Amino acid sequence: MAEQGARMIVTDLNEAAARACAAAIGPTAVSMRLDVRQEADWERVVQATLAEFGALHVMVNNAGVTGFDAAVDPTIPVGPQDPEHATLETWRAVHATNLDGVFLGCKHAIRAMRANTPRGELGLRGSVINISSRSGVVGIPRAVAYASSKAAVRNHSKSVAL
Ligand SMILES: NC(=O)c1ccc[n+]([C@@H]2O[C@H](COP(=O)([O-])OP(=O)(O)OC[C@H]3O[C@@H](n4cnc5c(N)ncnc54)[C@H](O)[C@@H]3O)[C@@H](O)[C@H]2O)c1
């Protein structure tokens, strides 16, 4: 995208990783910390995007956790993710990042994109790209929260598109 002229804000809970990614892209990219679970963070990042670039045209909801891999934030609980042993705490934690994060990202991106000039026959004002998974299509017996959250992302994306 940078090669084709896009300017971008790279975000992550892991600030160092976001900074390194932006540096690798080059001077057209900057980084910011974003916890996708926090609505105030989304408001801050979208405001910064508008201040920096004047408009938001593309937003990618990519942050995701499995619930069983060690998370970047040590306060995010992890544990077994089979349906018998997954805890309510890890179930909620996976959905907080994978689903609440996508919901909040869509909400604030759409609000910002409303201001864009409509383009093309469909009058599109921007693109929102939500990263689901094949785990959102088929059952994954040892990743129940992940599979549930990714299935929800698929259908939330369809509702957003309408
Ligand atoms: N790796 C795969 O095989 C695979 C397959 C299908 C879908 N996906 C999806 O693709 C996306 C990226 O996966 P990946 O393999 O690159 O994972 P990854 O773990 O390398 O990257 C995910 C990133 O999300 C960040 N993150 C986690 N919680 C966050 C939060 N609350 N706020 C902001 N950032 C947060 C992490 O710091 C990390 O940098 C995920 O949504 C994942 O579910 C991955």
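## Ligand shell and helix packing

Of the 17 residues around the ligand, those nearest are Leu 13, Ala 63, Gly 64, Val 72 and Ser 133; a residue counts as near if its C-beta atom, placed from the backbone, lies within 6 Å of the molecule. This is a predicted model, in which local features need pLDDT of at least 70, side-chain atom pairs count only at pLDDT 80 or more, and totals for chains, interfaces and linings use all residues. Residues are numbered from 1 along each chain as its sequence is written.

The ligand shell comprises 8 nonpolar, 6 polar and 3 charged residues.

Helix H3 covers residues 88-113 (helices are DSSP runs of H or I, at least four residues, numbered from the N terminus). Its 26 residues at 1.5 Å each should span 38 Å, and the end C-alpha atoms lie 36 Å apart, which agrees. H3 has a kink of about 40° centred on Ala 96.

H3 packs with H2 (residues 39-53) and with H4 (residues 144-161).

| Pair | Axis angle | Axis distance |
|---|---|---|
| H2 and H3 | roughly 30° | within 10 Å |
| H3 and H4 | about 15° | 9 Å |

H3 passes H4 in a right-handed crossing, and the crossing of H2 and H3 is right-handed.

Terms used:
Ala, Val, Leu, Ile, Met, Phe, Trp, Tyr, Cys and Pro count as nonpolar, Asp, Glu, Lys and Arg as charged, and the others, Gly among them, as polar. Helices (H or I, at least four residues) and strands (E, at least two) are DSSP runs, numbered from the N terminus. The expected span of a helix is 1.5 Å times one less than its number of residues. The bend at a residue is the angle between axes fitted to the seven residues ending there and the seven starting there. Axes are lines fitted to C-alpha atoms, for helices over the stretch in contact, and angles run from 0 to 180 degrees between N-to-C directions. A crossing is left-handed if the near helix is turned anticlockwise from the far one by less than a right angle, and right-handed if clockwise.
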